[in-house]
Amino acid sequence: MKDLREDNENKQSEIAELLQISQQQYSMYEKGKREIPLHLIIVLARYYKVSLDYITGMTNDKRGIGYKADSNSKYNITQQNNNSAIVKIKE
C-alpha cells in the first residue's frame, strides 16, 4: 500500500481522508500492524484504478490475475463494466 501511495504522490493524510479514518489508523494499516477491512481495500483499489488482486499482493499486474499474459492461468476474468467482472476458474 505504501508503494502504491508513494507512486501516486499521495500523503498518508490524503488517503486517510479518502478512507474517512485518522492518519494514525491508516499508518497502522500501511505498516501491517492492523488488518485493513475489505471495504477500505475496495475503496483504495477503485481510487488507484487497480485490481483487488494487485492491491492485496496476489499479482504484480495492476489489472488482476486473469489478465496475466500466461495462457496457463486457471483464472478467466471478463470485465462487464467499470464496477464488476465475472471470474471463472478453468477446469
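**A buried salt bridge and the helical packing around it**

Arg-5 is buried, at a relative accessible area of 8%, where buried means under 20% relative accessible area, exposed over 50% and partly exposed in between (1.4 Å probe, protein chains only). The model is predicted, so local features need pLDDT of at least 70 and side-chain atom pairs pLDDT 80 or more, whereas totals for chains, interfaces and linings use all residues. Residues are numbered from 1 along each chain as its sequence is written, and side-chain values use heavy atoms, with hydrogens and water left out.

The side chain of Arg-5 forms a salt bridge with that of Glu-30, with an N to O distance of 2.8 Å. Arg-5 belongs to helix H1 and Glu-30 to helix H3, so the pair ties together parts that are 25 residues apart in sequence. Glu-30 is also buried, with a relative accessibility of 16%. A search of the whole structure finds 1 salt bridge, the criterion being a side-chain nitrogen of Lys or Arg within 4 Å of a carboxyl oxygen of Asp or Glu.

The protein chain contains 5 helices and 2 strands, in the order α-α-α-α-α-β-β from the N terminus. Helices (H or I, at least four residues) and strands (E, at least two) are DSSP runs, numbered from the N terminus. Of the 91 residues in the protein chain, 32% are buried. The chain exposes about 6,800 Å², of which carbon and sulfur atoms supply 45%; accessible areas come from the Shrake-Rupley method with a 1.4 Å probe, and for residues only the protein chains shown count as cover. Among contacts with a separation of 6 or more, 24% join residues 24 or more positions apart, contact being defined as heavy atoms within 4.5 Å.

In helix H3 (23-31), the buried residues are Tyr-26, Ser-27, Tyr-29 and Glu-30. Viewed down the axis of H3, these residues fall within an arc of 160°, so they line one face of the helix; the arc is that of the directions from the helix axis to the C-beta atoms. The exposed residues Gln-24 and Lys-31 are on the face of H3 turned away from the buried side. H1, H2 and H4 are the elements against which the buried residues of H3 pack. Just after H3, Gly-32 has a positive phi of about 80°.

Helix H2 (12-19) has Gln-12, Ile-15, Ala-16 and Leu-19 as buried residues. Their arc around the axis is only 105°, which puts them on the same side of H2. The cover over the buried residues of H2 includes H1, H3 and H4. Within H2, Ile-15 has a relative accessible area of 0% and is buried. Apart from neighbours within four places in sequence, Ile-15 contacts Arg-5, Asn-10, Tyr-26, Leu-44, Tyr-47 and Tyr-48. The C-alpha atoms of Ile-15 and Tyr-26 are 7.7 Å apart, at a sequence separation of 11 residues. Just after H2, a positive phi of about 60° is found at Gln-20.

In helix H4 (residues 38-48), Leu-40, Ile-41, Leu-44, Ala-45 and Tyr-48 are buried. Down the axis of H4, the buried residues fall within an arc of 140°, so they line one face of the helix. The face of H4 turned away from the buried side carries the exposed residues His-39 and Arg-46. The buried residues of H4 pack against helix H1 (2-7), helix H2, helix H3 and helix H5 (52-55).

A search of the whole structure finds 1 aromatic pair. Tyr-47 and Tyr-48 form this pair, edge-to-face, with 5.0 Å centre to centre and 70° between the planes. Rings of Phe, Tyr and Trp (its six-membered ring) pair if their centres lie within 6.5 Å; planes under 30 degrees apart count as stacked, over 60 as edge-to-face and the rest as tilted. Tyr-48 is buried at 9% relative accessibility, whereas Tyr-47 is partly exposed at 37%.
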